[in-house]
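Good morning, colleagues. Please look at the structure on the screen, and I shall take you through one part of it and then the whole.

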Amino acid sequence: MKTILAVLLIVVLVGVGIWLWKGRSPGGTVTFAGEPLDLARIEHEYPLSIAQRESLTPERLKEYSQEQVDQIYGRLTAGPIPDGPYDGDLFLPRGTDSETRLGEILGGGLKARLAKIGVSKTEALGRVLWKGKVFYRNERVLRNRVEDLALLAPLTGGTTEGIQKQSVNGRDEFLLFPAKLYCGQSLLDGRRESVIIDYAYNDDIPGYQERPDALVGRNGLRIRDEIRMIRPGFYLGRAYTNRMFLLNFTLFNAEVANRDGPAFAAGGPVVEDCWPGEQARKTVAR
């Protein structure tokens with residue numbers, strides 16, 4: 001049971017939740033290049049327009065193959081480091097044997113167990129366990145949101161003592177798995193930085209609980225996430241364990257989207273907290 005919970009924790013670590021996405025118009029169609037995957041050439045020849053970014057949603061991203069998701073990520077910059085609570089969703093690599101991939105990464109008898117769980121069921125269980133992330137921009141730290149600790153009892157010792165709580169969207173949630181937040185090199189695209197969510201030294205962060213926070217740290221699964229902005233309030237991310245790619249995820253904050261989205265759609269400037277790289281970027285309005 002503990003082993004299966006550990007697998008699910010990896011899946012939900014990226015901050016999954018219920019995505020309430022309404023009223024988006026499919027105003028553009030993203031163009032993709034064929035092989036080989038040359039992100040610099042793809043960005044030069046097929047820059048993402050504002051309309052194409054507006055057309056992207058978490059559900060639509062799930063329809064793409066992993067190579068297509070990689071191409072989208074490679075055409076993005078980090079944007080501003082987020083602040084406050086974000087809801088999210090995850091999706092495993094499409095166009096590959098995702099179950100076998102997870103089994104190979106995590107080892108041993110997990111392969112057969114994951115095959116029984118199935119990708120869709122694994123994702124669904126992740127959504128039950130995890131509700132999102134909270135960014136503390138000024139402190140450069142992050143915590144993950146859990147509503148119900150019952151399923152995690154074998155990993156928490158069955159107690160909530162010492163675990164921080166916060167009200168998000170009118171619901172009380174536990175805050176677990178702290179991480180450090182900074183700008184750093186992408187493991188996919190070294191041409192520019194991403195916002196890094198690093199669990200390696202989470203035991204240095206106030207509020208750290210050895211059970212279960214140590215599971216994802218430097219002596220555990222060595223989780224490291226990175227994100228880039230699709231548009232204000234909406235980020236595309238990649239989760240790694242021990243520098244091996246695991247899954248994709250999205251993060252969304254409706255307040256930020258409503259506040260800053262109209263200016264972005266009108267072609268306004270974007271704040272870049274991380275190094276955007278040296279490649280000349282084309283501005284494509286629609």
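Tyr86 has Lys133 in strand 2 as its bridge partner. This is a predicted model, in which local features need pLDDT of at least 70, side-chain atom pairs count only at pLDDT 80 or more, and totals for chains, interfaces and linings use all residues. Residues are numbered from 1 along each chain as its sequence is written, and side-chain values use heavy atoms, with hydrogens and water left out.

Strand 1 (residues 84-91) and strand 2 run antiparallel and are joined by three bridges; two strands pair if DSSP finds at least two bridges between them. Strand 2 is also antiparallel to strand 3 (residues 141-146), with five bridges joining them. There, Val134 is partnered by Arg143 of strand 3. Four residues lie between the strands of this hairpin, in which Arg140 takes a positive phi near 60°.

Buried here means under 20% relative accessible area, with a 1.4 Å probe and protein chains only. Gly132, Val134 and Tyr136 point one way, whereas Lys133 and Phe135 point the other way. In a regular strand, side chains alternate between the two faces of the sheet.

Turning to the whole protein, there are eleven helices and nine strands, taken as DSSP runs (H or I, at least four residues, for helices; E, at least two, for strands) and numbered from the N terminus. Of the 286 residues, 53% are buried.

Key: Buried means under 20% relative accessible area, exposed over 50%, partly exposed in between (1.4 Å probe, protein chains only).
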